[in-house]
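Here is a short report on one chain. It covers pairing of strands, packing, overall dimensions and confidence.

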Amino acid sequence: MSVKDTLMARSGGRCELCGSEKELSVLEVQPSDGSAEKSILVCRVCREQIEDPSEMDPNHWHCLNESMWSTEPAVQVTAYRLLKRLAPTEGWAQDLLDMLYLEPEVQAWAEAEEQGVPEREPTRDSNGTILQEGDSVTIIKDLDVKGAGFTAKRGTVVKNIHLTDNPEQIEGRVNGVKIVLLSKFLKKA
Ligand SMILES: [Zn+2]
């Protein structure tokens with residue numbers, strides 16, 4: 001059975017947010033593995049507004065008043081994110097958000113990065129300050145650079161650093177050579 005068939009059966013052939021029976025499609029609730037548990041069935045109206053926040057029509061979303069009580073975590077997560085989006089301008093949305101209780105693991109999902117970007121540990125310097133791509137840092141102790149045959153001196157400023165997949169390491173140019181530096185020996189400049 002396809003994911004859509006599973007969702008059609010689960011929802012009784014209705015948009016799981018607003019109840020519409022028109023133009024239904026599967027929306028993966030990120031971060032999603034594509035399974036039915038991590039997806040919801042939505043109509044075109046709901047999908048367009050979810051995918052393009054600039055198209056949000058607050059009046060449409062009073063439907064969340066009902067759908068946020070769904071027993072499906074994927075629906076709860078979507079309702080939570082939409083209410084969060086609406087709450088700054090819509091008092092009723094904030095009221096619903098205040099009433100919405102999510103199980104801890106569902107809450108964690110709701111607050112996880114959207115669009116399937118895996119959560120990554122931030123890269124921090126020796127003081128615990130988060131380093132960003134392109135930052136400048138100062139080296140806080142003399143470091144032997146293996147393979148390059150020189151010492152990166154304490155106090156050297158490394159400009160325009162490049163983050164790596166490993167939060168303990170960054171890349172930067174010292175003496176014109178691109179090297180890997182341990183973030184614990186750096187301080188944001
Ligand atoms: Zn809908």
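Two strands pair if DSSP finds at least two bridges between them. Helices (H or I, at least four residues) and strands (E, at least two) are DSSP runs, numbered from the N terminus. The model is predicted: local features need pLDDT of at least 70, side-chain atom pairs count only at pLDDT 80 or more, and totals for chains, interfaces and linings use all residues. Residues are numbered from 1 along each chain as its sequence is written.

**Overall layout**

The chain holds 6 helices and 10 strands. Its domain assignment lists domain 1 (3-111) and domain 2 (137-188); such bounds come from an automatic or database domain assignment. Taken over C-alpha atoms, the centres of domain 1 and domain 2 are separated by 45 Å.

The C-alpha trace spans about 70 × 40 × 30 Å along its principal axes. The radius of gyration of the chain is 24 Å, whereas a compact globule of 189 residues would have one near 16 Å. This radius is taken over C-alpha atoms, and the globule rule is 2.2 Å times the number of residues to the power 0.38.

Of the 189 residues, 25% count as buried. A residue is buried if 20 or more other C-beta atoms lie within 10 Å of its own, exposed if 12 or fewer, and partly exposed in between, with C-beta atoms placed from the backbone. Two residues are in contact if their C-beta atoms, placed from the backbone, lie within 7 Å. Among contacts between residues at least 6 apart in sequence, 50% join residues at least 24 apart.

**Strand pairing**

Strands of a sheet pair through backbone hydrogen bonds, either parallel or antiparallel.

| Strand pair | Sense | Bridges |
|---|---|---|
| β1 (25-28) and β2 | antiparallel | 4 bridges |
| β3 (137-139) and β10 | antiparallel | 3 bridges |
| β7 and β8 | antiparallel | 2 bridges |
| β8 (169-174) and β9 | antiparallel | 6 bridges |

β7 and β8 form a hairpin with 5 residues between them. Within this pair, His162 stands opposite Glu171 in β8. β8 and β9 form a hairpin with 2 residues between them, and Asn175 in the turn has a positive phi of about 55 degrees. Gly172 has Ile179 in β9 as its bridge partner, and Ile170 stands opposite Leu181 in β9.

Another open sheet of 3 strands runs in the order β6-β3-β10, again with antiparallel pairing. Which strands stand at the edges? They are β6 (157-158) and β10 (186-188); each has a single partner strand, so one side of each is left without a neighbour in the sheet. Thr138 has Lys187 in β10 as its bridge partner.

**Cores**

A nonpolar core is a set of buried Ala, Val, Leu, Ile, Met, Phe, Trp, Tyr and Cys residues joined through C-beta atoms within 7 Å. The largest has 26 residues, and those with the most contacts inside it are Cys15, Ile40, Val42, Leu64, Ala79 and Leu83. The elements that give two or more residues to this core are β2 (39-42), α4 (73-86), α5 (91-99) and α6 (104-111). α4 provides the largest share, 8 residues. Leaving aside neighbours within four places in sequence, Ala79 is in contact with Leu64, Ser67 and Met68. A second, separate core of 9 residues includes Ile139, Ala152, Val158 and Leu181.

Ser39 in β2 is the bridge partner of Glu28.

Pro31 is found in the loop between β1 and β2. Is Pro31 buried or partly exposed? Pro31 is partly exposed, because 15 other C-beta atoms lie within 10 Å. The C-alpha atoms of Pro31 and Ala112 are separated by 7.3 Å, and these residues are 81 residues apart along the chain.

**Confidence**

pLDDT is the predictor's confidence in each residue, from 0 to 100. Its mean over the chain is 92, and 96% of residues reach 70 or more. Confidence is lowest in strand β4 (143-145), at a mean of 87, and highest in β2, at 98. Where pLDDT is low, the predicted coordinates should not be read in detail.
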